[in-house]
Amino acid sequence: MGIALARAAQWTSVSSGTGNLEITPLNESLLNTIIKYVENFNSRYPHEAKLVFLEPLEWITKVEPSAFGASWDISGSTVKSYEMDKDGHPLLFLSSSTLQIHSFQLLGEFLQVANERKLKEAQACLEANRDPVAKILGPSFATVEGEDTSMLRLLDKIKNDEDPDGELKMKMYLLLQQLDVQLLNSSLKQISQDARISPASVKNDVELLKRYSGIGENTVLKFIDYTSEYEFANGCRAPPWRQVHGEICYLAIKPHDKDLTYVTCSTAGAFLNGGKKTEEETIDYDRKSEIYRDLFTLLKKISPIFAENISKQEFVSHENPPSTKIMQNVELVDAKEPSQTQRSYENQEKIVHEKRTHHLEESKAVNKKKLEPSLKWRNLSLTGPQDNDVKEGRIKKYHGHEKSKSNDYINSTSPRSRRKTNASTSPGRKGPSPMKGRSSGSEEFSESSTESEEDEEQPDRRQEGNTDLPSEYWQIQKLVKYLKGGNQTATVIALCSMRDFNLAQETCQLAIRDVGGLEVLINLLDTEEVKCKIGSLKILKEISRNSQIRRAIADLGGLQTMVKILDSPDKDLKCLAAETIANVAKFRRARRTVRQHGGIKRLVGLLDCVPLGTTALVLDQEKDIEVARCGALALWSCSKSTRNKEAIRKAGGIPLLARLLKSPHENMLIPVVGTLQECASELSYRLAIQTEKMIEDLVKNLSSKNEELQMHCARAIFKCAEDKETRDLVRHHGGLQPLAVLLSKADNKELLAGVTGAIWKCSISLENVAVFQEYKVIETLVALLTGQPEEVLVNVVGALGECAQEPSNRAVIRKCGGIAPLVSLLTGTNQALLKNVTRAVGACAAEPDNMAIIDQLDGVRLLWSLLKNPNPDVQSSAAWAICPCIENAKDAGEMVRSFVGGLELIVNLLKSDNKEVLASVCAAIANIAKDEENLAVITDHGVVPLLAKLANTTDDKLRRHLAEAIARCCMWGNNRVAFGEANAVAPLVRYLKSSDASVHRATAQALYQLSRDPNNCITMHENGVVKLLLDLVGSTDEVLQKASAGCIANIRSLALAIEMAGHK
């Protein structure tokens, strides 16, 4: 019976405890077989039925004392059997709902008393006694995997007359083994017939039924919908506390011939539930029918009309219901008090029920009307990453005390031997309150943009009880037992034996976790025995490559202990601790834990080793270098956090990293450069990299034979080359040539991404572009426009966009066939790529021959369509690219008008809040307005008041292009007067006080056009424009001179006219 329960029965997977039996047909079949066997046991085997169990079967019963008859000794809430064991104890004892039974005879009699509750009682009994054979016959008969020698031991005892009941026990054991075989055979037969239902299959069935449901004779149902709008990431709609029972979702169904019915869909099938509780508006989850194979089978059973219509296949298809928004970040919380998620779930459930009732009432009044659910999604109160990290800290703590003496060694390796502090909250410090402002919270949890969180939401996979596990799993289980109970020598031997397994295999990694090995390994780190610490760390270092193991180590407080080990005088220990920290600190909470417990300062201290220039090192120096390498490896993992970067800088890590960067050892250089390239996203680090003269070393290592080192150096240059001084230093130290050479290694995509990124940023300086021209870099970049991943394409297109700022390179791109692939990339969805490709296309469009190809490929239309993109960076880049396209197109006016709704779209972008978008759109409007017909159209679309509204800006870039747009728009109808009435004139006068000469030129042109209206001249004069324009008349810019003089002339003419009118 023990093996059947372990292998065949289906148990719920829970984070703690032993789990419960799922409510499935398979489990019901097993329970019914066991009940029938026990009920008949007394009549079939009367002698064996009287055998007293070594330990009683004990569980919490729901059977009341009043259910027992006169054949029992009943006293209040206590029930006793008259049958006693040899010590005078009753074989059945019930007190305060706790029931104890000592024999099969009394077990069978109790099942008769339980009557209709016998199934529930059998379930409760087996859940509380997972291995009943061990309780009945003793621990030596406990269920084990592999070879079972309990029968041989029993035979030896019978032979030696050591056990008077040995023969009876042997018969009982054989009978229980027969029951096991019977249970396993029946479960195997049922498993082979049944297929478990998945959330996806349920969703497909519901969507199909929705499509063919509605009012009318030719529909299969009147109505079907979910009771909850929530859809979790796993596809289930049942709340988390019901998903552990295998339940997927709950449906409200209205057949044509039946009242509103509520159905539960679970992995085992579909069944009727208790429906809505009217007083609470919650679901009654109890099963009210048998379990059917699927939803269709259930509906055919309860609704004859459904069965008839579904067989005819003459039903009307209705519109698909709106798609469901998936809720991603839902976590299980403590069941003791309802969480915000639980309350939100229940509230949503209530809302859906109210809407559904209202919908059904409306549908009765309308004949043959389509069923169109219009459920409006509400904003779910989901926790952000800050709350997630705090919730992750709610891990069960391990209590106990630390032992360091050799005679207490066994206790020190026990899973409960000491208290582990919460992984996210240090002792004496309260966790962040969710009611506090977000400013402190965001600072606490801030991470860099380069951080990868691929394992943040990894599902917790545990071995299922009925899965066939490899032999390694059980062997590791035995070794963990030795670790828990052995002395120092046995522990060291067990650790060595465990290392003989393939710890890179996930099965072995999870086996250590599942059998409680992680707790023991972490507890070993607190002992005084160096050998045990080293053995434990060697295992933890290997298995911590698994994301689930990493999180488990952090949950158990292992990082805090490893941080302390960094202060150990033993260099091997420090190396192993640092390497393990490097593996574990792959996710945000672990990195924060390392910082909060002083790990950053200690890791930086490991970097301070002997001079690295010499190659002939003594053994002790080699160990120092290895310690520094491991410290850099850990800092590399920790440096993905913004606050950790700052902590590394404050701990004095930059000079030490600069020193290690001169190392001749590649295995040292890789983590050092990796740390630098992570930290280079911060301005303070980029300045430090310049001042510490690290650019020269980075350039030098670009010529290394190690491609991983080359990749990290290129990425570091990519980030640092945002600054002009760094770009000049790269060129000065000869770094452009190795970058050009590395472009040939197109097979290594990570290296290619780093190199193209470095070339992109270096190309911002025109001096570097000239060098790249010599090495034929542009031709190579054009060849990389096809067949590359998006990360590479973003950098390649960015580099071409910068190189195309040089006129001669535009022809090179065209001759190499680069225009067509650039235009084709305009149809992508990657926002960074779209931003770069629009810039590149715009730069190429400045060449008339290129523009002809772009127009032929419908590139301008694609650029215009990107104005609808929600990303403001893409919008502004597309608008800038449209400007040269209009300037160089043969019939620009007609081309622009051919875009249906295009002019209205670009005018509406003047309502944007982004200054870069506004500046680029103003520049585009200035070019569009050169065509009179287009100017008339945009005037009708309200361009004048929108431009006037922007006049009070203080941004010089926007001022320049806004003034140009106003100057162009003044040339149509009464637009000059409209600008004056919209109060746009006075702010323009203030533009002349700007220090930007291009703003002066554009403003003078705008004022000249506006001054043709007398009222505008008066406004200008009142705001002191004459004095400002007189200063500009002496400018060397002829356009500025002419516009300023023309504006003054118009003002003077108006003054003379007024003066002459006064004399008359």
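What follows is a short tour of the chain, its cysteines, its salt bridges and its cavities.

## Ground rules

Keep in mind that this is a predicted model, where local features need pLDDT of at least 70, side-chain atom pairs count only at pLDDT 80 or more, and totals for chains, interfaces and linings use all residues. Residues are numbered from 1 along each chain as its sequence is written, and side-chain values use heavy atoms, with hydrogens and water left out.

## The chain as a whole

Let's start with the big picture. The protein chain has 57 helices and ten strands; these are DSSP runs numbered from the N terminus, with at least four residues (H or I) for a helix and at least two (E) for a strand. Of the 1064 residues, 52% are buried. Here "buried" means under 20% relative accessible area, "exposed" means over 50%, and "partly exposed" is in between (1.4 Å probe, protein chains only).

Now for contacts, meaning heavy atoms within 4.5 Å. Take those between residues at least 6 apart in sequence: 69% of them join residues at least 24 apart.

## Cysteines on their own

A disulfide is a covalent bond between the sulfur atoms of two cysteines. The rule used here asks for a pair of cysteine sulfur atoms within 2.5 Å, and a search of the whole structure finds zero. Cys630, for instance, is in no disulfide, as its nearest cysteine sulfur, that of Cys575, is 4.0 Å away. Cys630 is also buried, at 0% relative accessibility.

How far is the sulfur of Cys844 from the closest cysteine sulfur? That partner is in Cys885, and the gap is 10.0 Å, so it is too far for a bond. Cys844 is buried too, with a relative accessible area of 1%.

## Salt bridges

A salt bridge here is a side-chain nitrogen of Lys or Arg within 4 Å of a carboxyl oxygen of Asp or Glu. The whole structure has 37 of them. One joins Asp723 and Arg686, at 3.2 Å from N to O. Asp723 sits in the loop between helix H33 (707–720) and helix H34 (724–732), while Arg686 is in helix H31 (residues 683–691), so the pair links distant parts of the chain, 37 residues apart. Both residues are buried.

Glu707 pairs with Lys745, with the closest N and O atoms 3.8 Å apart. Glu707 is in helix H33 and Lys745 in the loop between helix H35 (736–742) and helix H36 (749–762), 38 residues apart. Glu707 is partly exposed at 32%, and Lys745 is partly exposed at 29%. Lys724 and Asp728 form another bridge, at 3.0 Å; they are four residues apart in helix H34, about one helical turn. There is also a network of salt bridges linking Lys541, Glu579, Glu626 and Arg629.

A cavity is a set of points, on a 1 Å grid over the protein atoms alone, where a 1.4 Å probe fits but cannot get out; lining residues have an atom within 4 Å of a point. There are eight cavities of 30 Å³ or more. The largest cavity holds about 200 Å³ of space. It is lined by 18 residues, and the closest to its centre are Ile34, Val38, Leu107, Cys125 and Leu126.

Methods: 1 Å grid on protein atoms, 1.4 Å probe; cavity = no way out; pocket = protein on both sides within 12 Å on 5 of 7 lines; lining within 4 Å. Points joined across faces, edges and corners; volume = space filled by probe spheres on them.
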